[in-house]
Structures are given as C-alpha cells and as structure tokens.
Amino acid sequence: MTATAPREGQLWSRCGGCATLLYRKRLRRNLDVCPECGAHARVDAPERLLQLVDPGSFTALPDRPAEVDPIGFVDLLPYPHRLTAARAGTGLAEAVVCGTATVGRHPCVLAVMDFRFLGGSLGCVVGELITLAAERALTDRIPLVLVTASGGARMQEGALSLMQMATVSQAIAALREAGLLTVSVLTDPTYGGVAASFATNTDVVLAESGARMGFAGPRVIRQVTGRDLPEGFQTADFLLRHGQVDMVVPRHALRGRLVALFAAARAVRRSASRPAVPRQGPSPLVARPAGGAIAATTPGGDAWQTVRLARHPGRPTTLDYLETAFDGFVELHGDRLGADCPAVVGGLARLDGRPVMVIGHQKGHTTAELVGRNFGMASPAGHRKALRLMRLAARLGLPVVTLVDTPGADPGVSAEEQGQAAAIAENILALTVLPTPVVAVITGEGGSGGALALAVADRVLMLQHAVYSVISPEGCAAILWPDRGAAPQAARALRLTAPDLCRLGIVDDVVPEPTPAAHHDPEAAAGALREAVLAHLLPLLDMPPATLVRRRRQRFRRFGAARLGARAGAR
Ligand SMILES: [Zn+2]
C-alpha cells in the first residue's frame, strides 16, 4: 500500500503506488515521489532535512540521547537490544533529529522524526529532545517546525512515554505565549500520542500529500467496531475535509510553504509591538523525587490482578464519588459545538464546603449503563466539554478535580472524523496553562492519551488498585508478544500499578482502598478519596497562579530531563 523509499546500494526500486520500476537516482531527484503516479514514498529524517533546509545551514542541537530503559522492559527481547538494533539499522541515535537551520534564509528550529527508528515512537529521550528544540526556539525567538512520523508513544517506556505528550505540549504552550510560530508537518504515518499532542496543537498543521494521521489506527478501529472503514479514511484529504489540517501540501511544495509562513509571521511580528516575554531557558536537570532504581517486582500483588480490580464493574464511578465524596453536585452539559458526550461528566460541586469544578470519565455498573456511557471512552465532544469546564473553572477561580477512569479515548470512525487527536492535544495543552489548581485522581483505569487529557495536574493521585498505562496490556501483548494471552506478562512489564508509578514520580500519592478493594466498601473508598484530594488541594489554594503554572510545568518537564540527567550522572 505504502511506497517504500529506495535503500542504499539499490539501482532500481519499485513504486509502491503503481508498481513501476524506477531508476533510483531519478526517484531521489524527484524527492522520492513517483514521477509516474505521484505516490510519496516515506523519507528518513536526514533526507527530509536535505529537502527542506538551505544547503549547509543545518546544525544539530548538541544534546545527545542516553541509553535508557526506565522501566526495565522485557517482552521477547530486552528493550535495550531493540534500541541497539534500531541504531544500527538507521545510523541515528534516536527517533528524532533536531537542529537549527535556515529555510529560505529564515532561521528556525526543526525536529524531524524518523519512522524507521522503532516506528518513530515517542519515548522519554525523543520527548526531551523535542522539548529542548522548542526551548531553543524560545531562546532564539524563531519558529519551530515539527515533522512528525510516528506510530505513537513508546510502550517499552510505559507511562513515562505518555508524560512526554504533556512535556512537549507545555513547551509548545510557551511558544504560543511568546507569539512564536509553531508549524507541524504531518507525514505518513502520524498516530497515537504524537497525533494527540504536538502534531496537532501547533499554530499551523500541514499534511504532506499521502500522509495519514489519526489517534486510533485503522486496524484497531476495524477490530473494535467490526465495520469497514470509509474510503480514504484518515488520509490527508480526509483530514482537510474534516477541518483537521490547514492544507495538504505535495512534497515539492513543502519548503516553499514553510518559507511563505515564516515570512508572514515575521511581517506580523515586526509590525506588532510586543511586550517582553519572560525567558524560560532550559530548566535544570531536576532529579526524580522518588529516586533510586525501579524495583524489578511489584509489591502488593500481581499487576494483572490489579488490572482486573481496576476494571471491576462494581467499582465506584465518578457519579458515585460525586454523590459520596462531594456535595451539591450541579452537572453541566455540552461542548457548545453540537454534542454532549455521556462518557464525560462534570460540573460544580463542593468538597468539604469548598467550591470546586469536578470533571471525570463515567462508566457504569450494568451492561446498559456501560453501553450508554460508551464504557467511559470519551468522544471528541467529551474532551471539548471537559475543556469548556476547565476554562470556566479558570474564569471563576475554582480549583479543578478530575477523576480518571477510562480504557482510553473512543476508537471509532466518527471520533476520528471529529478530530479526536486534536481534541486530546488541546486539553493537554490547556491544562499546562490553567491558572487554577488541578488535582487528578486515577480512580480505575487510566488508559493512554484519553486519560492524560484529564491528568495533566499539579498533583496526580491514584487509588491503590487503579492502573495507569500508555497502552492496555492486551494491546501491548498483541503487538509485542506472539499472542494476546500474554496480557498478564505485558501488565507486569508495563509498570502500570500505583506503587510502580509512585516510584517513577508520575503519581504523587496512593489513595488506600478498603480491603480487599473499593467496591467492597464504596463509602470508605469515598472517604479516603475526599481526604486525599483535600490534603493535596489545600496547600495549592493560596499559591499565586504564575507559581502554580510554573511548578506544574516543572513537574512534567522533569520526566524527560531526568533521563538526560541520568546520563549526565553516569558519564
Ligand atoms: Zn508510482
């Protein structure tokens, strides 16, 4: 289906679009676009840079990735072996190449992803390198260009890879605040956590001809819905038709489009008198709070057992907690754009007499309730309702409490048509700038980007038997093991339990559950949740908004920095 770029040493290659045998040099001269049918073959990061920047102008950023394996992940092969193979196969150190250059004499910072390197997956080092690139753009006051090619977050780094969506998004938020142009160029393929963060929350989104972009991949959607996908689903033209990209650009025209955008942005900046923007230089390498090596075993029971508890249909839901842990809940509905998603509930409530905005995923206890609530899987309308309520809370000066319990975002055709990836990306970015305290509690399942869209917070708490993961154990097993039956092994490898995530610094505190689990004594579970939220929220209430936002950003900035910090300490 997809054309493949010619390999070194081959004189001829066959077009993936029309099967014509093409002379390799001719194909390369044509930027790896088939002269016969126009199919765009995938190009690697070094070749992409050659195509985009002024000759000789590229200087790689000095930061070098470290050898990292933050959760000691092993499937059939240890993760470091896969990294070594990817490095040997690509000649690259990681799945992104970052540097400064000029494009049509306009200076800019570029971060170009390379799909050949572990599917262009977003891990801690990739997140850190792109964040450093964004910070360089801020320091130099020049535009940032992100060329994306990725299958999504890197599951071998567990929830730490999920955190990179927030880390990079807040760096983009800083560029927004400074009035600096950010452009993403979607290339084939761009999916998952990359689609749901920096690929879509930039100022201008270009899709290269032939690119496909979405949150959930076509295989997953077909599997879940059991239906055939519409013609051209998730292609660049589909994205344009559904309002998700600014334009579709053939490879030959990409460079010219960037030059035109840079020129326009520069003209605007020259004509505007801008106030001085506080510089947010590269933050110091902050050590992880819960230090030390990650223990190889999970105390307090087996991870798979915890997954089953987290999914138990009797487990208290967000509406249950609103009845028990909070008072006076007034539910607010609708995204103001045409829909009200039943999988997300929210509104005004009181916590120990204090007004708060509560937003959470809603599952249910019976099959009918679960179906009616789409099993707690939010649609884009649900994310946009949550965004509306967050902004309302900011205007009213109310703290936000989020209750996270979702298998993930809705893997459906209409969700993709309505811009699932961009909706999640915008929520993640909005939470990084919200001038009011945010406390998130993972109460059941914290599933990938759908969970993170409500969990970029000042404090992240987790119920004792909840789980929080970059991918479901079943999904991980299906990709990395020979069969789905390996889900229990995948659950252990992913480090998705509360004690694991506390040690990684992703979660600040574990909320104890009654024995044996929350659904055996929902009242006691609600009491523990109320106590924990209060204990973490109260110290935040008097904090000036600027301090709050700065500290929240530091909290998410350290996930990548700690990785480079580990390297710096090791050498
Ligand atoms: Zn062709």
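**View 1. Strand S5 and its parallel neighbour S6.** Strand S5 runs parallel to strand S6 (residues 144-150), and four bridges join them. Strands pair when DSSP finds at least two bridges between them. Strands (E, at least two residues) and helices (H or I, at least four) are DSSP runs, numbered from the N terminus. Valine 112 has valine 147 in S6 as its bridge partner. From S5 the chain passes through helix H4 (residues 124-140) to S6, a right-handed β-α-β crossover. Right-handed means that, with the strands pointing away from the viewer, the path from the first strand over the helix to the second runs clockwise.

This is a predicted model: local features need pLDDT of at least 70, side-chain atom pairs pLDDT 80 or more, while totals for chains, interfaces and linings use all residues. Residues are numbered from 1 along each chain as its sequence is written, and side-chain values use heavy atoms, without hydrogens and water.

**View 2. The S4-S5 hairpin.** S4 (residues 96-103) pairs with S5 in the antiparallel sense over eight bridges. Threonine 100 stands opposite valine 109 in S5. Two residues separate the strands, and glycine 104 in the turn has a positive phi of about 60 degrees. Seven of the eight residues of S5 (106-113) are buried (under 20% relative accessible area; exposed is over 50%, partly exposed in between; 1.4 Å probe, protein chains only).

**View 3. A salt bridge between aspartate 54 and arginine 255.** Their side chains meet at 2.9 Å, N to O. A salt bridge puts a side-chain nitrogen of Lys or Arg within 4 Å of a carboxyl oxygen of Asp or Glu. Aspartate 54 is buried, at 11%; arginine 255 is partly exposed, at 28%.
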